[in-house]
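Subject: Structure handover

Hello,

Here is the structure for your files. My notes on what turned up in it are below.

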Amino acid sequence: MNAPADDDPGRSSLRLLLDPVYGPYFVGNLFAATGIWLYTVTAAVLVYQHTGSVVWVGLTGAVTFAGSLVLAPWAGVLSDRTDRRRLLILGRTLSALSCGGLALWIGIVGDGSTGPWPILVASALLGVSSGLTSPAQMAIVPHLVPAPDLHQAVALGSVTWNIARAVGPALGAAITGSLGAVAACWFTCAGYAMFVLVMLFLRLDEPRRDGDEGDTGSFREGLRFVRGRPDVSRALWAVAALSLAVDPVITVTPSLARTLGASDTFVGVLGSAFGAGSVVAIVALRPLRRRWGLRRTGAVGAVVVALGMFGVGVGPTAWAASVAAFVGGLGLLAASSSLTSQLQQDVPEVFRGRVMALWGVAFMGTRPLASLLDGALAELLGPRPAICLISVTALAAGWWARRDPAAGRLTVRTPGPSLGKTVFRIPNWRSATVTISKSAPTRVADSDQIPEGGRLVVDVDDRTVGVFRFQGALYAYDNTCAHQGGPVCQGRLIPRVAEVLDHGSDRNDLYFDDGDPHIVCPWHGYEYSLTTGRHAGIDAIGLTRYDVNESDGGVYVRI
């Protein structure tokens, strides 16, 4: 997927929320995300009532969130091989059944006769469903909105999580305290059911992801892709660094509260302030992204996270620390949504589910390590120095996010599918940097890098161009589908389906015309002639074509 042009920032948050596709999805996702936080509090209260042990409470939380880490390899592969909408429906149905089943068990059997085991089983099932659906839920976002709206949609997704984190625990405590645990479980079940209903009535044109001969569909192939794409690997490292930087908001805050002489409620206040900053940031994110661009916005956001967390560490009062946490939340939304958008737009469709699974590992999988590290530093140095020291990792995230304008322009060599009997396969994914002058042809490759039947997809300056060789001739097109901006040049190449009219009878024959190959967009199957760039059925629709020539053993493109 291509990045939206800087002069097309997409729709505002309000207009996006009123969209007939994204709006219902946002509401359903908000209900589901709130449900998991509501359930977490309810389960913790129930387990502590049964056992009086904080260890059991921690075990319950661990099995609830462990699925995102343990199941990531399988979940990413499943997301790339199946219909993501159906996968989300099945996964969230399991979530609803888990919570509803626990409510029935407590209501019929009672909440004290069997100990915490039914709660652990329900929590484990909830963790499995969340782990299996998380990559699909992230990978489906580019198909909910047009390309210019992607960044704002990703940011709103982050806002959803922060709203749920702020509202869910308080709602869970209120419902459990006033109406009981059974009611709280039913509320959680209803939240997941709402998401399932939205997805059932939502109609999406999911891209076709079959037939890529260079991809086995395995998780190992996804790792190999990431290793060959420095821009993607840097973004994942930056996500992990951000997760590490903000972990003290959860882990070190109880100790910080004692240092500041604040009450135990300060833990919730600081977390709410951090979440509130992320929610407020959505207002400024769109104009900032339009002014600075995607990567610079992410880098600045990471620096703001570092400053905010450092302020939490050095704040002289609880009020000052809360203000600093609010600032850190502002930066986190800008940084995390920019990095996530970068991954969504730079990763080919066939790998997106697996890369989003790695995103989950980077963000959630680092939490146990971060908690241990933060706790050890707080014990050794005290809470203030520990928070200040950990905040430096956000600067590393900013460095990784900002470094890509020069180093992250990547050449992506995609497998050359079959054209008749000719099959050309590129054995691996390699990277290169290309700078295109808009006033003169620029060399983008050696001639032997694009053999007969092969292709080269490369970022040139601020555009992505696909260069193809067919029957000795070169063709160059912008890697943007005329339909919804999909990465058309990375799609399959198939022979044109032609029809033979048998005059005098009712029988017509179809055959494959190897002399007129078509490019098939991997998103929604739009076909374009490789030699003309025109749509297969609507001549008025076509790809943007660039001049390309070959001389002195090199291939030159003029933008």
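Predicted model: local features only at pLDDT ≥ 70, side-chain atom pairs only at ≥ 80, totals over all residues.

The protein chain has 559 residues, of which 55% count as buried. Its secondary structure comprises 20 helices and twelve strands. Taking contacts between residues at least 6 apart in sequence, 75% join residues at least 24 apart.

Aromatic cluster

Three aromatic pairs occur in the structure. One of them is Tyr22 with Phe26, a tilted pair with 6.4 Å centre to centre and 40° between the planes. Both residues belong to helix α2, which covers residues 22-51. Their spacing is four residues, about one turn of the helix. Tyr22 has a relative accessibility of 2% and therefore counts as buried. Phe26, with a relative accessible area of 12%, is buried because the cut-off is under 20%.

Tyr22 and Phe26 are also members of one aromatic cluster that includes Tyr25 and Phe195. Phe195 comes from helix α9, residues 181-201. Its relative accessible area is 0%, so Phe195 is buried.

What surrounds Phe195, leaving aside residues up to four places away in sequence? Phe195 touches Tyr25, Gly28, Asn29, Ala32, Leu88, Arg92 and Gln137. Of these contacts, Arg92 has a further entry: Arg92 lies over the face of the Phe195 ring, at 6.0 Å from the ring centre. Along the chain, Arg92 and Phe195 are 103 residues apart, while their C-alpha atoms are separated by 7.4 Å.

Helices α16 and α17

Two packed helices are described by the angle between their axes and the distance between the axes. For helix α16 (residues 318-346) and helix α17 (residues 349-364), the axes come within 10 Å and cross at roughly 160°. Angles over 145 degrees count as roughly antiparallel, so α16 is roughly antiparallel to α17. The crossing of α16 past α17 is right-handed.

Which residues make the contact between α16 and α17? On the α16 side they are Thr340, Leu343 and Gln344. On the α17 side they are Arg352, Val355, Met356 and Trp359.

Regards

Conventions. Residues numbered from 1 in each chain as written. Heavy atoms only, no water. Phe/Tyr/Trp six-rings, centres within 6.5 Å; stacked < 30°, edge-to-face > 60°. Helix = DSSP H or I, 4+ residues; strand = E, 2+ residues; numbered from the N terminus. Buried < 20%, exposed > 50% of the residue type's maximum accessible area, 1.4 Å probe, protein only. Lys NZ or Arg CZ within 6 Å of the ring centre and 35° of its normal. Axes fitted to C-alpha atoms, helices over the stretch in contact; angles between N-to-C directions. Parallel < 35°, antiparallel > 145°, perpendicular 65-115°, else oblique. Left-handed = near helix turned anticlockwise from the far one by under 90°. Contact = heavy atoms within 4.5 Å.
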